[in-house]
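User: Please examine the structure shown below and answer a series of questions about it.

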Protein chains: 2
Amino acid sequence: MSHFAHLSEENYLKALFKLSSKQVKKVNNIALAKELDLNPATVLEMVRKLSDRKMVQLMPDKTIHLTEKGRKKALLTIRKHRLWEVFLVDKLNYQWSEVHELAEQLEHIESEDLVNRLDAFLGFPASDPHGDPIPDKNGKLTQVQLIPLKEVELGKTYIVQSFAETADSFLDYLSKVDIRPAIKIKILDRNEYDQSLIVVINKKQLHLSEKVAKNILVKP
Amino acid sequence: MSHFAHLSEENYLKALFKLSSKQVKKVNNIALAKELDLNPATVLEMVRKLSDRKMVQLMPDKTIHLTEKGRKKALLTIRKHRLWEVFLVDKLNYQWSEVHELAEQLEHIESEDLVNRLDAFLGFPASDPHGDPIPDKNGKLTQVQLIPLKEVELGKTYIVQSFAETADSFLDYLSKVDIRPAIKIKILDRNEYDQSLIVVINKKQLHLSEKVAKNILVKP
DNA sequence: GGATTTTATTTGGCATGCCAAATAAAATGT
DNA sequence: ACATTTTATTTGGCATGCCAAATAAAATCC
Ligand SMILES: [Mn+2]
Ligand SMILES: [Mn+2]
Ligand SMILES: [Mn+2]
Ligand SMILES: [Mn+2]
């Protein structure tokens, strides 16, 4: 028994919430297995347990949907994750690109009271160091309209909000060129041939490939 | 696999360190099982694993001793536990009697870097909210000489440092009569018949039974 | 020293999560 | 329609930690 029972449930629910938010493709067993980097047999077994626990619903077309209960738990886990990230950056002076893995552990600390106190201690932040919004204690998420940098208008200035990619190599790159949430970015020009962008950040001119521009999310 | 692998190892090592510090009785399988509130078969199995991992040594007389490696790991876990307790009390406004169970989870967060930063953030505290000393980052523990209140001299004043008992009912009692680490306590009289004490705390007179007095540890 | 109690150990099981390999079913392409 | 690929499912196993019950060994009592 001990502590951290049903720890992995929270990871499954988070992954399901993430996939359903994208809603690019149907969320099936394979998609979930890929997201979690686990064997499909493992995932199928666990999804059945989650179904028994009324956290997910298995649809006739084999897609996996979060129930209200599952959605709530996913959002409370995301809340914990993001608040701990704020703590690590604001109080322990971590870089915003370093905190994700640490928060993967801290998010499983069980006490809800603790995370509510943490929220107050941090001054009720609206978003985490990556620019992602923090659900409130009831699991309510206030979404802002995000635009991929790839699709912005020339000449305008935007505020970097978050990113659509979490690979370390991507985050390292962003860190190197000093792109981070809340920073201002002005769009100078677009190369129509390869869809790359010329932008200005901190008064320095920068060339961003289409692949990078696709994964940087901004708001006007 | 996932996170928190070998989580229980840290609990076993902490328990072994605690028992060996008391050194009232020999630390054998039964004693450890009692301390951890686990089945002796379970504990024997785990102790053998810890022996394989060179964390403990099984002596010919069946007592269980921490190796240097095991002692170090125990002390680093205790360090994490106590620093998180300081965090909970100093930053999240918990009562010192509420934090133990929460710290039981937080102590298993793996990053050593994190706990060192936490230490700095908290201002390198010397002891936790219960008055217990915090090991440094190398696992070095500075012990102060502790005297059970039962054994103090009449007429003198002492400083409460920590407690030799962790039962909730005991901590609740202390909380009610406002006995906590760092508070001053003056010894007025001792009843020779039942070994109870009359003391003064915060200018209020208080009667302490022998059982209570045995478990309150003070320094001059 | 023989009976009793305590401690140590073995055995078989269980729960949670994970995997690889085999098979079955469904979807897709031509 | 038929072959290929993708997805779903089954089966047998493994690792970590836990328990209850049975047995063996050691210590203690009288
Ligand atoms: Mn996680
Ligand atoms: Mn984040
Ligand atoms: Mn613990
Ligand atoms: Mn403590």
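User: Which helix gives the most to the surface near DNA strand D?

Analyst: This is a predicted model, in which local features need pLDDT of at least 70 and side-chain atom pairs count only at pLDDT 80 or more, while totals for chains, interfaces and linings use all residues. Residues are numbered from 1 along each chain as its sequence is written, chains are lettered from A and ligands numbered from 1 in the order in which they are written, and side-chain values use heavy atoms, with hydrogens and water left out. Helices (H or I, at least four residues) and strands (E, at least two) are DSSP runs, numbered from the N terminus; α2 (29-36) and α3 (40-52) of chain A, with α1 (7-22) and α3 (40-52) of chain B, each supply at least two residues of this surface. With four residues, the one that gives the most is α3(B).

User: Which residue has a polar side-chain atom 3.1 Å from a base nitrogen of DNA strand D?

Analyst: A polar contact is a pair of N or O atoms within 3.5 Å; within protein, one must be able to donate a hydrogen and the other to accept it, and residues adjacent in sequence count only if both atoms are side-chain atoms. Two side chains reach phosphate oxygens of DNA strand D: that of R48(A) at 2.9 Å and that of T42(B) at 2.8 Å. The residue with a polar side-chain atom 3.1 Å from a base nitrogen is E45(B).

User: Which residues come nearest to DNA strand C?

Analyst: Around DNA strand C there are 19 residues, and sugar and phosphate account for 73% of its atoms that come within 4 Å of the protein. Among the contacts, a backbone N or O atom of N39(A) lies 3.0 Å from a phosphate oxygen, and a polar side-chain atom of S8(A) lies 3.1 Å from a sugar or linking oxygen. The helix that gives the most to this surface is α3(A), with four residues. The residues that come nearest are H6(A), N39(A), T42(A), R48(B) and K62(B).

User: Which residues supply the protein donors of the manganese ion (ligand 3)?

Analyst: Donors are N, O and S atoms within 2.8 Å of the metal (3.2 Å for Na, K and Ca); water is not among the atoms, so sites may look incomplete. In sequence the donor residues are spaced N-x92-E-x2-E-H. Buried means under 20% relative accessible area, exposed over 50%, and partly exposed in between (1.4 Å probe, protein chains only); E104(B) is buried at 11% and H108(B) at 2%. The donors lie 2.2 to 2.6 Å from the ion and come from N11(B), E104(B), E107(B) and H108(B).

User: At what distances is the manganese ion (ligand 2) coordinated?

Analyst: This ion is coordinated by E85(A) (OE), D128(A) (OD) and H130(A) (ND1), with the spacing E-x42-D-x1-H in sequence. D128(A) and H130(A) are buried.

User: Why is the pair of W84(A) and W84(B) classed as edge-to-face?

Analyst: Rings of Phe, Tyr and Trp (its six-membered ring) pair if their centres lie within 6.5 Å; planes under 30 degrees apart count as stacked, over 60 as edge-to-face and the rest as tilted. Twelve aromatic pairs are found over all chains. W84(A) lies in helix α4 (residues 68-90) of chain A and W84(B) in helix α4 (residues 68-90) of chain B, so the pair joins two chains. The centres are 5.9 Å apart, and the pair is edge-to-face because its planes stand at 85°.

User: Is W84(B) buried or exposed?

Analyst: Ring pairs link W84(B) into a cluster with W84(A), F87(A), F121(A), F87(B) and F121(B). W84(A) has a relative accessible area of 2% and is buried. With a relative accessible area of 1%, W84(B) is buried.

Methods. A residue is near a molecule or strand if one of its heavy atoms lies within 4 Å of it.
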